[in-house]
Amino acid sequence: MYDVQKIRADFPILSREVYDHPLVYLDNGATTQKPRMVVDAIADEYYSVNANVHRGVHFLSQQATELHEASRRTVRAFINARSANEIVFTRGTTESVNLLASCFGEAFMREGDEVIVSVMEHHSNIVPWQLLAARRGIVLKVVPMNDKGELLQDEYRRLFSERTKIVSLAHVSNVLGTVNPVKEMIAFAHRQGVPVLIDGAQSVPHMPVDVQELDADFFVFSGHKVYGPTGVGVLYGKEEWLDRLPPYQGGGEMIQSVSFEKTTFNELPFKFEAGTPDYIGTTGLARALDYVSLIGMDRIAAYEHRLTCYGLQRLKEIPGMRLFGEAEQRGSVISFLVGDIHPFDMGTLLDRLGIAVRTGHHCAQPLMQRLGIEGTVRASFGLYNTREEIDALVAGIERVSRMF
């Protein structure tokens, strides 16, 4: 049995009220709430273990270092990386993509070389490549999609050329909920000798991820979207690729030795972790991964699938409802518009009923242009949401619709 009420008890914020209404939190695609065990682990480390990690000979530093490196091993196990050396801690998905675009572009891309992205990418997987294009004259190629929100695989394959150096794709669309067939897309790219980066920000919180099974060369995600703290994330990279990339930043920890004549860089993964890491945040991330692992990612995925199906069924009952994204394989995200009601108006009025949804372009403006709209309302579900909350959302939408 999936005891959602027991799970909800682990998240104190879910018991609060907003504007005299019970909070209905449906903005998990932006960030998730944090279970008590994550917050307690953060507080406990600050109160009892806090010391800068690595190189310190005193007890607290060594204890903090062990917690930090144990967190790296937890992440390795969670996504089934081959080695903890393949886990680089960053500030989140955005920094992870920027790191890779900068380092990979520096090492392997020249003017006229190409990167393949898709029409449904988050800005964080578009802008870093555009910055690289401005610096080095590379070319972005875009995989189109059909009206159901599915990437066109024939078009994807036709985009490859002898100048294609890397593919960078979202695992799950943060707007449409589409689960892209990344395993097959990776396999095709590899047959062309091209590595692939997968943006897992919207997949890691909702489904089991095995980077070795996917055969991804790089995989990135954020802690705060998987019930962990903000400001910490992960770049996974196959060791043979990370070894070949230059460092992203210079400073403490990423060095082995420094003189005014020459600097030699540290071994993996420290080569990419300049400065004091967020060692408290990595502990919080590890506890969050422990938390979802205790529930079971397969069980979470199955529960959220049932919840999303129920949400789609209920929302379709509302007159004037327009749903965006009808892919057969989809995650727990529903984007919609109702009649001519502006998404900002809908979101603002739902908020007065205690219902938190996201409105706007969701950092995916090229996708909005493809859909021919300016933005949507987005309800995104997490492991603690319920059918009753979906009923509250539907009732709220109907109430707002009557006002217009």
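How many bridges join β4 to strand β10? Four bridges do, and the two strands run antiparallel. Strands here are DSSP runs of E, at least two residues long, and helices are runs of H or I of at least four residues, numbered from the N terminus. Two strands pair if DSSP finds at least two bridges between them.

This is a predicted model: local features need pLDDT of at least 70, side-chain atom pairs count only at pLDDT 80 or more, and totals for chains, interfaces and linings use all residues. Residues are numbered from 1 along each chain as its sequence is written, and side-chain values use heavy atoms, with hydrogens and water left out.

**The sheet**

Seven strands form an open sheet with mixed pairing, in the order β4-β10-β9-β8-β7-β5-β6. β4 (87-90) and β6 (139-143) stand at the edges with a single partner strand each, so one side of each has no neighbour in the sheet. Strands of a sheet pair through backbone hydrogen bonds.

Contact means heavy atoms within 4.5 Å. Angles run from 0 to 180 degrees between N-to-C directions, with axes fitted to C-alpha atoms, for helices over the stretch in contact.

| Helix | Strands touched | Angle |
|---|---|---|
| α4 (residues 93-108) | β4, β7, β8, β9, β10 | about 155° with β9 |
| α5 (residues 127-136) | β5, β6, β7, β8 | about 150° with β6 |

Buried means under 20% relative accessible area, exposed over 50%, and partly exposed in between (1.4 Å probe, protein chains only). In α2 (residues 36-48), the buried residues are V38, A41, I42 and E45. Seen down the helix axis, they fall within an arc of 95°, so they line one face of α2. The arc is taken from the directions from the helix axis to the C-beta atoms. These buried residues pack against α3 (59-79) and α10 (279-295).

In α10, 13 of the 17 residues are buried, so this helix is largely enclosed by the rest of the structure. Just after α10, G296 takes a positive phi of about 105°.

**The cores**

A nonpolar core is a set of buried Ala, Val, Leu, Ile, Met, Phe, Trp, Tyr and Cys residues joined through side-chain atoms within 4.5 Å. The largest one has 100 residues, and L383 and I397 touch the most other members. Its largest share, eight residues, comes from α10. Beyond its neighbours within four places in sequence, L383 is in contact with residues including Y2, F11, Y291 and I295. A second, separate core has 24 residues, among them V97, L100, V220 and L268.
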